[in-house]
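Let us read a structure together, one feature at a time. Have the sequence and the model open beside you.

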Amino acid sequence: MTEEIIIAGFGGQGVLSMGQIICYSGVMQGKEVSWMPSYGPEMRGGTANCTAIISDEQISSPVLNRFDTAIVLNQPSMDKFEDAVKPGGLLIYEENGMTRKPRRTDINICSIAAYDESVKMNNTKVFNMIVIGGFLKVRPIIELENVIKGLKKVLPDRYHHLIPLNEEAIHKGMEIVKEEQAVKK
Amino acid sequence: MKELRLMKGNEALAEAAIRAGADAYFGYPITPQSEVIEYLMRENPADRTGMQVLQAESEVAAINMVYGAAGCGKRAMTSSSSPGISLKMEGISYIAGAELPCVVVNVVRAGPGLGTIQPSQSDYFQAVKGGGHGDYKLIVLAPATVQESVDYVKLAFELAFKYRNPVMILSDGIIGQMMEKVELFEQMPRSTEEYEWATLGKKPGKDSVIVTSLQLQSEEQEKVNLRLQAKYREVEKNEVRFETYACEDAEYLFAAFGSCARITRKALDMARAKGIKVGIIRPQTLYPFPVDEINRLAGQVKGILTVEMNAGQMVEDVRLAVNGKTPVEFYGRFGGMIPTPDEILKALEQKIIGG
């Protein structure tokens, strides 16, 4: 199993930390992982993306141009990465702020209203955990318990009381992710 | 006990410096390398091992602080990225001339000039062919993984002290910024050895130790040069390191180093899936260069494609090693652009197989 993922959105949406959490969780599950951020003169509100790779085998290139899954959280990211999804791959997009639907017909497409859900939860900071939940529902490559173990590893002790909230956010994401288009792989 | 962590290349390298028993680090921030000094400042190794960390007022100051520490026989390291390394070159030449050990890390970004902060391998010539003035060589290690970033810090200090020569770790923006699993080696003690070449104060009954790269008599300077050349021949004999993959039945060969070798390895997997028998050689030491192995493989394959994130630098050394035995072609992206596995495969098919 190798899952090559691009996560892209605005800076401040938690794009880079989503990739890190997926990778930490992968480590907890005994997988090989690689995380590569776009780094540059970027700031809150600018664009950010990272490549996360989870695999049973040693990972060759940390930098890719085609992906099994693209998680896009704003319109510029969808414009940039929709075409980079491999045929039969997966595109997950956040509904809020999108001005158009994806156009591809040869990939699986899911949408998630993660921002609205985070508002309902009274905590927009868990936005990215809701998205992770949606992703793991569609691509169950990592078990939830390993995500929690990963979170424990990433977060300093003083934030450990927030782990149940994050877990709830993951469950919410699993509930609300919507399949919009399915193709055979 | 060995310890498994998920770390950024730059941070892992900084932690490795502490664990390798370094006495001092002097640096100055520059993207994409700043995490090295940030990590060391945050970690404050003075509490752990007594290692001193200082942000110098400039890159020039940092390399001269390294010169001073090395002159006292201490394990000193500095790091920067391309424009900063250019500033350090005068000091590096002096350290090579004075025959002192130190470790210099270059997390390469694209140039020339201030260039861009994105990854590149365009400092190959600077690292391998000189960079500073005079007939000197750096031992150059090229990590391709976060793990190698860690392991090569330890190796770099060993080689620096074995040969009393500066060692450069030629990383790049990809290796520096990416996170991977890494196994950290155990904390090593800081060395307490008092080397006889080190300036530790004049001892009664012993001559003064003078550290210098200045010889005003040409006869003396030539002796220094001859001694350096003899040392470099020893390095070439003992320290060549490389990795080959899928070369046994290879009809074609990739040559690539550092992060670019990993992207090329992906292209190799794609080529093999199409039935193209291609292998790869990845020099881990850029100086000394794996001349003999490349020459041997050149006798086996129908062509070699060198892939680099520059306009073609290592390819010159590959051609010298191949010495006309088989065609050598080049594919590269530069300016901070990263070649894709698809592009590399296409270049192999067009320039080597089709050509």
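Q: Is the crossing of H5(A) and H6(A) left-handed or right-handed?
A: This is a predicted model, so keep that in mind throughout. To read a crossing, look at how the near helix is turned from the far one. Here H5(A) passes H6(A) in a right-handed crossing.

Q: At what angle do H5(A) and H6(A) pack, and how far apart are their axes?
A: The angle is about 145°. The axes lie 11 Å apart.

Q: Which residues of H5(A) and H6(A) meet?
A: Take one helix at a time. H5(A) brings A:Leu144, A:Val147, A:Ile148, A:Leu151 and A:Lys152. H6(A) meets them with A:Ile163, A:Asn166, A:Glu167, A:Ile170 and A:His171. The residues of this contact are six nonpolar, two polar and two charged.

Q: How many bridges join E5 and E6 of chain A?
A: Five bridges join strand E5 (residues 85-94) to strand E6 (residues 108-112) of chain A. The two strands run parallel.

Q: What is the order of the seven strands in the open sheet of chain B?
A: The order is E3-E2-E4-E5-E7-E6-E12, with mixed pairing. Strand E3 (52-55) and strand E12 (285-287) of chain B are at the edges. Each has a single partner strand, so one side of each is left without a neighbour in the sheet. On average, neighbouring strands of this sheet are turned by 20° against each other, direction ignored.

Q: Which helix packs on this sheet, touching E2, E3, E4 and E5 of chain B?
A: That is helix H3 (residues 59-71) of chain B. Its direction makes about 165° with that of E4(B).

Q: How do E6 and E7 of chain B run, and which residue stands opposite B:Ile139?
A: Strand E6 (residues 139-141) and strand E7 (residues 166-172) of chain B run parallel, joined by three bridges. B:Ile139 stands opposite B:Val167 in E7(B).

Q: What shows where empty space is left?
A: Rolling a probe the size of a water molecule over the atoms does. In this model, the largest pocket has a volume of about 1000 Å³. It is lined by 43 residues, and A:Gly12, A:Gln13, A:Gly14, A:Ser17 and A:Asn128 are the closest to its centre.

Q: Which element gives the most to the lining of the largest pocket?
A: H1(A) does, with five residues. The lining divides into 21 nonpolar, 18 polar and four charged residues.

Q: What is the volume of the second largest pocket?
A: About 740 Å³. Of its 31 lining residues, A:Ser38, A:Asn49, A:Val63, A:Lys80 and A:Phe81 lie nearest the centre. Helix H12 (341-353) of chain B is among the elements that give two or more residues to this lining.

Q: Last, the backbone. Where is the peptide bond from B:Gly111 to B:Pro112, and is it cis or trans?
A: It is cis, with omega about 5°. B:Pro112 lies in the loop between E5 and helix H5 (124-128) of chain B. The bond from B:Tyr287 to B:Pro288 is cis too, with omega near 0°.

Technical notes. Residues are numbered from 1 along each chain as its sequence is written. Chains are lettered from A and ligands numbered from 1 in the order in which they are written. This is a predicted model: local features need pLDDT of at least 70, side-chain atom pairs count only at pLDDT 80 or more; totals for chains, interfaces and linings use all residues. Side-chain values use heavy atoms; hydrogens and water are left out. Two strands pair if DSSP finds at least two bridges between them. Helices (H or I, at least four residues) and strands (E, at least two) are DSSP runs, numbered from the N terminus. Axes are lines fitted to C-alpha atoms, for helices over the stretch in contact, and angles run from 0 to 180 degrees between N-to-C directions. Contact means heavy atoms within 4.5 Å. On a 1 Å grid over the protein atoms alone, a cavity is a set of points where a 1.4 Å probe fits but cannot get out, and a pocket is an open set with protein on both sides within 12 Å along at least five of seven lines; lining residues have an atom within 4 Å of a point. Grid points are joined across faces, edges and corners, and a volume is the space filled by probe spheres set on the points. Ala, Val, Leu, Ile, Met, Phe, Trp, Tyr, Cys and Pro count as nonpolar, Asp, Glu, Lys and Arg as charged, and the others, Gly among them, as polar.
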